[in-house]
Amino acid sequence: MSLVIAMILFCKSRRIKDLGKLALVPGIFNINEPIIFGLPIVLNPTMLIPFMLVPTINIVISYFAMSLGFVPICSGVNIPWTCPLVISGFFATNWVGGLLQAALLVLGVVIYMPFIKMMDKQYLIDEANAAKEQEEDDISLDDLSFDDL
């Protein structure tokens, strides 16, 4: 969800913006395949670092928050995997767990931001080149003559 929010808020290329809007509703319910294969994250060295770093940091922060007593240990309630962010934290612990999830979401956006901006810059260049090629490839009907037949 952090990546989807970063895509919607900070990217300018049409490709990433449209994909972010498309993946927003499934992302709310933890369905991430549109991002995994649409961005793509699979076999993408630019996104490998934050894709591995964000969950690792989230786990470490959550562990220490629970071990230090800031957030209660999970209650053992079986929560469906499609339960949205913050609501699942509330069900698992209490309001503090939901607040922790919201804070980790913001931290994830901050971590993803420089990487998605690098990718966005490359996509903007690609889109500009494609537009330039499209202009050059346009066929003018003014030069068409039937006299040469």
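Guide: First a definition: helices (H or I, at least four residues) and strands (E, at least two) are DSSP runs, numbered from the N terminus. The expected span of a helix is 1.5 Å times one less than its number of residues.

Visitor: Before we use that, where does the model come from, and how do I count residues?
Guide: This is a predicted model, in which local features need pLDDT of at least 70 and side-chain atom pairs count only at pLDDT 80 or more, while totals for chains, interfaces and linings use all residues. Residues are numbered from 1 along each chain as its sequence is written, and side-chain values use heavy atoms, with hydrogens and water left out.

Visitor: OK, α2. How many residues does it have, and how far does it reach from its first C-alpha to its last?
Guide: α2 has 15 residues and reaches 21 Å, close to the 21 Å expected at 1.5 Å a residue.

Visitor: Where is the kink in α2?
Guide: At leucine 22, shortly before proline 26, and the kink is about 30°. The bend at a residue is the angle between axes fitted to the seven residues ending there and the seven starting there.

Visitor: Which residues of α2 are buried?
Guide: Ile16, Leu19, Gly20, Ala23 and Gly27. Buried means under 20% relative accessible area, exposed over 50%, and partly exposed in between (1.4 Å probe, protein chains only).

Visitor: And just after α2?
Guide: Asparagine 30 takes a positive phi of about 65° there.

Visitor: Which other residues have a positive phi?
Guide: Among them is leucine 43, with phi near 60°, in the loop between α3 and α4. Valine 86 has phi near 75° and sits in the loop between α4 and α5. Most residues other than glycine have a negative phi, and most peptide bonds are trans.

Visitor: Are those two buried or exposed?
Guide: Leucine 43 counts as exposed because its relative accessibility is 82%. Valine 86 is partly exposed, since its relative accessible area is 35%.

Visitor: Which residues does a cis peptide bond join?
Guide: Leucine 39 and proline 40, with omega about -10°. Proline 40 lies in the loop between α3 and α4.

Visitor: Change of topic. How many residues are in the largest nonpolar core?
Guide: It has 21 residues, and those with the most contacts inside it are Leu3, Met7, Ile35, Leu39, Met47 and Ile116. A nonpolar core is a set of buried Ala, Val, Leu, Ile, Met, Phe, Trp, Tyr and Cys residues joined through side-chain atoms within 4.5 Å.

Visitor: Which helix gives the most to this core?
Guide: α6, with 7 residues. At least two residues each come from α1 (2-10), α2 (14-28), α3 (33-38), α4 (45-67) and α6 (95-137).

Visitor: What is leucine 3 in contact with?
Guide: Leaving aside neighbours within four places in sequence, leucine 3 is in contact with Ile35, Leu39, Ile41, Met47, Tyr112 and Ile116. Contact means heavy atoms within 4.5 Å.

Visitor: Tyrosine 112 is on that list. Is it buried or exposed?
Guide: Tyrosine 112 counts as buried because its relative accessibility is 6%. It lies in helix α6. Not counting residues up to four places away in sequence, tyrosine 112 touches Ser2, Leu3, Ala6, Met47, Pro50, Phe51 and Val54.

Visitor: And phenylalanine 70, buried or exposed?
Guide: Phenylalanine 70 is exposed, because its relative accessible area is 60%. It lies in the loop between α4 and α5. Residues up to four places away aside, phenylalanine 70 touches Ala65 and Val96. From phenylalanine 70 to valine 96 is 26 residues in sequence and 7.9 Å in space, C-alpha to C-alpha.

Visitor: Which residues are closest to its centre?
Guide: Of the 31 residues that line the largest pocket, the closest are Met1, Asn30, Val54, Asn58 and Leu85. The largest share of the lining, 7 residues, comes from α4.

Key
On a 1 Å grid over the protein atoms alone, a cavity is a set of points where a 1.4 Å probe fits but cannot get out, and a pocket is an open set with protein on both sides within 12 Å along at least five of seven lines; lining residues have an atom within 4 Å of a point.
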